[in-house]
Amino acid sequence: MLPVRVEKETPGYFLNSLLIPWLRAGSALYINGVGEPEAIDNAWKAGTHFGRGPFEVYDVVGFNVAANISRNSEDETEQRFATKLQEAIDAGFSGIADGKGFYLYDQDGNITGPNDFFTK
């Protein structure tokens, strides 16, 4: 844990105030047909040298949480993303916890490849 001084209360404080828009930008690129999750993640990682792209983070967060957040948005793109996540949940995918999210994972949590469910 790292203590940080928060000058004023705000929903989401620092982390979620930064994380949610970043995740939504990735989901909008995907749901609007701009790119597939692996391409979006690879572009992010190459451009920022960050270890995970937005869809790898969605896998860590879990589909149930991500679907609920998207479902509660009034944005039509977020609603479409929530629907896609719910379809994935109904098909048995929930993220890294069960080894099947936007990516498939081995028993050690390493990515073995993209999940074809999310490719066109």
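Q: Which residues of helix 3 are buried?
A: This is a predicted model. Helix 3 is mostly covered, with 6 of its 8 residues buried. The buried residues are Pro54, Phe55, Glu56, Val57, Tyr58 and Asp59.

Q: In what order do the elements of the chain run from the N terminus on?
A: The chain holds 5 helices and 2 strands. Starting at the N terminus, the order is α-α-α-α-α-β-β.

Q: What radius of gyration does the chain have?
A: The C-alpha atoms fill a box of roughly 45 × 35 × 25 Å along the principal axes. For 120 residues, a compact globule would have a radius of gyration near 14 Å. The chain agrees with this, at 15 Å.

Q: Among contacts in the chain between residues at least 6 apart in sequence, what percentage join residues at least 24 apart?
A: Of the 120 residues in the chain, 35% are buried. Among the contacts between residues at least 6 apart in sequence, the share that joins residues at least 24 apart is 49%.

Q: Which residues does Phe55 touch, not counting residues up to four places away in sequence?
A: Leaving out residues up to four places away in sequence, Phe55 touches Gly26, Ser27, Tyr30, Pro37, Ile40, Asp41, Phe81, Phe102 and Tyr103.

Q: Are helix 1 and helix 5 roughly parallel or roughly perpendicular to each other?
A: The axes of these helices come within 10 Å and cross at roughly 80°. Angles of 65 to 115 degrees count as roughly perpendicular. Helix 1 and helix 5 are therefore roughly perpendicular.

Q: How do the residues of the contact of helix 1 with helix 5 divide?
A: Helix 1 contributes Arg24, Ser27, Ala28, Tyr30 and Ile31, and helix 5 contributes Thr77, Glu78, Arg80, Phe81 and Lys84. These residues divide into 4 nonpolar, 2 polar and 4 charged.

Q: Is Glu78 buried or exposed?
A: Glu78 lies in helix 5. Apart from neighbours within four places in sequence, Glu78 is in contact with Arg24, Ser27, Ser70 and Ser73. Its relative accessible area is 3%, under the 20% limit, so Glu78 counts as buried.

Q: How do the residues of the contact of helix 2 with helix 3 divide?
A: Helix 2 (residues 37-48) and helix 3 pack at an angle of about 110°, with their axes 7 Å apart, and are therefore roughly perpendicular to each other. The contact is made by Pro37, Ile40, Asp41, Trp44 and Lys45 of helix 2 and Pro54, Phe55 and Glu56 of helix 3. These residues divide into 5 nonpolar, no polar and 3 charged.

Q: Near what value is the phi of His49?
A: His49 is in the loop between helix 2 and helix 3 and is exposed, with a relative accessible area of 72%. Most residues other than glycine have a negative phi. His49 has a positive phi, near 65°.

Q: Near what value is the phi of Tyr13?
A: Tyr13 lies in helix 1 and counts as partly exposed, at 40% relative accessibility. Tyr13 is a residue other than glycine with a positive phi, near 45°.

Q: Near what value is the phi of Gly62?
A: Gly62 follows helix 3. The phi of Gly62 is positive, near 100°.

Q: What distance separates the C-alpha atoms of Lys8 and Glu38?
A: Lys8 lies in the segment before helix 1 and counts as exposed, at 67% relative accessibility. Lys8 and Glu38 are 30 residues apart along the chain. Their C-alpha atoms are separated by 37 Å.

Terms used
Residues numbered from 1 in each chain as written. Predicted model: local features only at pLDDT ≥ 70, side-chain atom pairs only at ≥ 80, totals over all residues. Heavy atoms only, no water. Contact = heavy atoms within 4.5 Å. Axes fitted to C-alpha atoms, helices over the stretch in contact; angles between N-to-C directions. Helix = DSSP H or I, 4+ residues; strand = E, 2+ residues; numbered from the N terminus. Parallel < 35°, antiparallel > 145°, perpendicular 65-115°, else oblique. Nonpolar A, V, L, I, M, F, W, Y, C, P; charged D, E, K, R; others polar. Rg over C-alpha atoms; globule rule 2.2 N^0.38 Å. Buried < 20%, exposed > 50% of the residue type's maximum accessible area, 1.4 Å probe, protein only.
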